[in-house]
Amino acid sequence: MLADIVSTAEGLSPDHKANIIQDCAKYCLLAQDEDADYYFNKAALFIKHLLNKEYNRLFQYCDIQSCLKENEYAIEFVNYQDDRTGQEQYEALILTNSTYPKRIRICDGQELNAIYKSGPKTYQSELYNLIWAKLEKEIPEGAMLSFAPSGLINILNIEVAQNQDGKRACDIWNIHRLTSTKQLCLPHTTNRSFSKAMIFGRTDGMAYIRNEVNEIDRLT
């Protein structure tokens, strides 16, 4: 049963899973008939502890790189204060499964803040030009793209930013938002299906066309 628990943890190598099972074996050996549940729970908690340690450990770019397949890309956005100018700067670190991280300057904080203040009705095309236009040469259309935002990008829906042809970023690439690109290396649960959905957010700037609304109704 412990082996079943560990085997369902995606993102761990076979050797890592084997080591966890071996470490937990001592609890199983202690189990008597009347205390089997106690020691099984003890072992399960030990597994959880090890997986938590895995989550909190530091990852190198090569760890993330090893989890990327062909045509998969990871982007870690970073923001920092430039000591020379005192201005906040935004950059993107792009990683594939075969190259060193590529560093691309995005913008300064004032530029991004100005677009944010312009409101969701007007900022989508400007947001694309500011962010994705500088990255699209590095990422082929249709690629799997996982990104972790930073700073003000955390509260901007950059996935739906539109290019000059009216095409959204999420239609150009298969985009997934993460809290950190190290999540690509961690065990994760399988996707669960849901029968209902709820949308939260401001109504301005969310003018869904009728067929999109009908699709939502159909799915819920």
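**Close-up views of a predicted model**

Phe147 is buried, its relative accessible area being 0% (buried is under 20%, exposed over 50% and partly exposed in between, with a 1.4 Å probe and protein chains only). The structure is a predicted model, in which local features require pLDDT of at least 70 and side-chain atom pairs pLDDT 80 or more, while totals for chains, interfaces and linings use all residues. Residues are numbered from 1 along each chain as its sequence is written, and side-chain values use heavy atoms, without hydrogens and water.

**View A. Ring pairs join Phe77, Trp132, Phe147 and Trp173 into a cluster.** Five aromatic pairs are found in the whole structure (ring centres of Phe, Tyr or Trp, the latter by its six-membered ring, within 6.5 Å; planes under 30 degrees apart are stacked, over 60 edge-to-face, the rest tilted). For Phe77 and Trp132, the ring centres lie 6.5 Å apart with the planes at 80 degrees, so this pair is edge-to-face. The pair links distant parts of the chain, 55 residues apart: Phe77 belongs to strand S1 (residues 72-81) and Trp132 to the loop between H6 and S4 (helices, H or I of at least four residues, and strands, E of at least two, are DSSP runs numbered from the N terminus). Both Phe77 and Trp132 are buried. Trp132 also pairs edge-to-face with Phe147, with centres 6.1 Å apart and planes at 85 degrees. Because Phe147 lies in strand S4 and Trp132 in the loop between H6 and S4, this pair ties together parts 15 residues apart in sequence.

**View B. Helix H6 (residues 123-130) has Tyr123, Gln124, Leu127, Tyr128 and Leu130 buried.** Down the axis of H6, these buried residues fall within an arc of 165 degrees, so they line one face of the helix (the arc is taken from the directions from the helix axis to the C-beta atoms). They pack against strand S3 (102-108), helix H5 (109-117) and helix H7 (169-172) (contact means heavy atoms within 4.5 Å).

**View C. Arg103 and Glu91 meet in a salt bridge, at 2.5 Å from N to O.** The whole structure holds six salt bridges (a side-chain nitrogen of Lys or Arg within 4 Å of a carboxyl oxygen of Asp or Glu). Arg103 is exposed at 57% relative accessible area, whereas Glu91 is buried at 8%.

**View D. Glu141 and Lys167 form a salt bridge, with their closest N and O atoms 2.7 Å apart.** Glu141 is in the loop between H6 and strand S4 (144-148) and Lys167 in the loop between S4 and H7, so the bridge ties together parts 26 residues apart in sequence. Lys167 is partly exposed, at 34%.
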